[in-house]
Amino acid sequence: MANSLLRTDKEIADIYERHQDMVYRICFAYMKNVMDAEDVIQDTFCNLIKSGTVFDSAEHEKAWIIRTATNLCKNALRHWWHRRERLDDHEALQVRDAFEVDDTFNAVMALPDKHKTVVYLYYYEGYDSVEISKLLQKPQSTVRYYLSQAKNILREKLGGDLSGE
């Protein structure tokens, strides 16, 4: 991106095209329904438009978007409405066709946030523990510990041997 703090429509569209699926998966993982996930996706890209952040590289851009989406999801979940709302009161919502939801994914989404985020970034987005520690601003040992704990929880829930992953 150029040194200008204002992005062109094409730059925004290109960034959106590159990261929309990843941001959707992250937001859906937190929000657990399509409508709320889409709201946070919109907020993520609105923040991108407003921010004027100049990215050093494609990885910096991706890390900024992941961090922003994650923080917006956490903020939305802390909002008073989400504490009152019960998802059981809503009709089941369909997930995007391109996004496969299976028993393993559902088990991952049921993990506590600290485990869910690390497992998602490691197994679904392909980051290693060093990259995840930088993204989440946590020590590498903490990231590895969360992965280990999550594997044990998933092994209990799903049964079987997860060491082959």
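Helices (H or I, at least four residues) and strands (E, at least two) are taken as DSSP runs and numbered from the N terminus. The model is predicted, so that local features require a pLDDT of at least 70 and side-chain atom pairs count only at pLDDT 80 or more, whereas totals for chains, interfaces and linings use all residues. Residues are numbered from 1 along each chain as its sequence is written, and side-chain values use heavy atoms, with hydrogens and water left out.

The protein chain comprises eight helices and zero strands. Of its 165 residues, 38% are buried, where buried denotes under 20% relative accessible area, exposed over 50%, and partly exposed in between (1.4 Å probe, protein chains only). Among contacts (heavy atoms within 4.5 Å) with a separation of 6 or more, 64% join residues 24 or more positions apart. The protein chain exposes about 10100 Å², of which carbon and sulfur atoms supply 49%; accessible areas were computed by the Shrake-Rupley method with a 1.4 Å probe, and for residues only the protein chains shown count as cover.

Aromatic rings of Phe, Tyr and Trp (its six-membered ring) were paired if their centres lie within 6.5 Å, with planes under 30 degrees apart counted as stacked, over 60 as edge-to-face and the rest as tilted. Y24 and F28 form a stacked pair, because their ring centres are 5.9 Å apart and their planes lie at 20°. Both residues belong to helix α1 (residues 9–31), where a spacing of four residues separates Y24 and F28 by about one helical turn. Y24 is buried at 2% relative accessibility, and F28 is likewise buried, at 10%. Y122 and Y123, by contrast, pair edge-to-face, with 4.8 Å between centres and 80° between planes. Y122 is partly exposed at 33% relative accessibility, as is Y123 at 30%.

The buried residues of α6 are H115, K116, T117, V118, V119, Y120 and L121. These buried residues pack against α1, α3 (58–78), α5 (103–109), α7 (129–136) and α8 (140–158). K116 also lies over the face of Y30, at 5.1 Å from the ring centre, a charge being assigned to a ring if NZ of Lys or CZ of Arg is within 6 Å of the ring centre and within 35 degrees of the ring normal. Just after α6, G126 adopts a positive phi of about 80°.
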